[in-house]
Amino acid sequence: MNAVANQDEIHMTTSELIEAHGYTAEIHHIWTEDGYCLDVHRVLPPKSREISCYDISENDADDLNYKKPPEVRVPILIHHGLLSSSADWVLLGPKKALAYILSDNGYDVWLGNARGNAYSKKHKKYTTKDKEFWDFSWHEVGYYDLPATIDYILEHTGHTKLYYIGYSQGTTAFYVMASEKSEYNRKIKGMISLAPIAFLSNQRSPLLKLVVHFYGIMEWGSSYCNVHQWFPRNRLQARTLGTIIRNAPGSLTKGFCVCWFYLIAGFGSNQLDKSMLPLILGHFPAGASAKQIIHYSQSILSGSFRKFDYGATENLKLYGSTQPPKYDLEKIKVPIVIFYSENDFLTDPVDVKKLVDRLSNVLETRKIEYSKFNHIDYLWGRDAKTLVYNAVLKTLKRFR
């Protein structure tokens, strides 16, 4: 990616990036049952690339590079992680980013956005200045956002099922949906879990270990100081950080990576191209509620995959028990393939095995071959295509 394009793309929206990369973008506004408006981005190939199915031989149709006409493209929903957005899936650019690879290989690609991020800040009743707007965790993302998005896509395309790829929180939300609303199991052809997060007691991130110790302060800040939103996308902040990183010495840039990304994701990986940092920081972080982060902190401390803990008194009112109920993972019947890596600080292999043992329909658990592959490499790794995305394409064929 040349410097000029990189500079321009820092300030683009996801749909503008898709168009700049030569694809066709659509923005769909989807309303949830509880009043949130989600912007979902659709990636379609350029019209010039569409070809008639009558011009293709049967053998060619099996080729991974075959571009199916839109009427036979099966929809696939990709959902981002915590503090992220749909932009994650296009930043690497054509032939490298997952959204484009899937589009090039015949899929109707939809990029989800969770409530509260840069693209989903509208509500029928509240504004982002109201604490009620931010009264959600990843439970609500799974319980309301995913069903609304899935139903909209299926109705819009006329399909009865779609594929789902979740990354990090995108997997957490899916497990919530498929266990709490079992009817949605019938609407998913297959699910790919990239860096799955349900159990977190063995996570190794030094930064998160520190944050968890201040769990009570986070709750206090949310309740009494009106700190309901964390790390919103800020154009001035992104521009300032980008300028600093572009002009700083290489050692300082590397230090920035270590202090922020590597402390969370895992040390030692060579996958992050430092020249991409200004672009990444133009789109990440994209915002989240404090309650999402608190809920994950509860998961780390409890070692369980369960609903939000409001304390014994409130739990008794809401759940009928002093402890929050656990999600029943055995209710998830969708065929699942899991991708994990040994150097991912957030998805420790022990926690991944605990998850796999509780899911009833895991077709395969795939370990990333590069031993230093970390949590953010799924999104922005220079070799993500060869290490992960090519395997994702092959896996999708198994679900057919």
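## Serine 205 and its surroundings

In this predicted model, S205 touches L263, I264, F345 and L346, when residues up to four places away in sequence are not counted. S205 belongs to the loop that runs between β7 (188-194) and α7 (206-213). Is S205 buried or exposed? With a relative accessible area of 0%, S205 is buried, because buried means under 20% relative accessible area. The side chain of S205 also reaches the backbone nitrogen of L208, at 3.1 Å.

## Helix α5 from end to end

Helix α5 covers residues 138-157, which makes 20 residues, and it reaches 27 Å from its first C-alpha to its last, close to the 28 Å expected at 1.5 Å a residue.

Just after the helix, G158 takes a positive phi of about 80°.

## How α5 meets α12

Two packed helices are described by the angle between their axes and the distance between the axes. For α5 and helix α12 (residues 290-302), the axes come within 8 Å and cross at roughly 110°. Angles of 65 to 115 degrees count as roughly perpendicular, and α5 and α12 are therefore roughly perpendicular to each other.

Which residues of α5 meet α12? On the α5 side they are W138, H139 and V141, and these meet Q292, H295, Y296 and S299 in α12.

Definitions and conventions. Residues are numbered from 1 along each chain as its sequence is written. This is a predicted model: local features need pLDDT of at least 70, side-chain atom pairs count only at pLDDT 80 or more; totals for chains, interfaces and linings use all residues. Side-chain values use heavy atoms; hydrogens and water are left out. Helices (H or I, at least four residues) and strands (E, at least two) are DSSP runs, numbered from the N terminus. Buried means under 20% relative accessible area, exposed over 50%, partly exposed in between (1.4 Å probe, protein chains only). A polar contact is a pair of N or O atoms within 3.5 Å; within protein, one must be able to donate a hydrogen and the other to accept it, and residues adjacent in sequence count only if both atoms are side-chain atoms. Contact means heavy atoms within 4.5 Å. The expected span of a helix is 1.5 Å times one less than its number of residues. Axes are lines fitted to C-alpha atoms, for helices over the stretch in contact, and angles run from 0 to 180 degrees between N-to-C directions. Angles under 35 degrees count as roughly parallel, over 145 as roughly antiparallel, 65 to 115 as roughly perpendicular and the rest as oblique.
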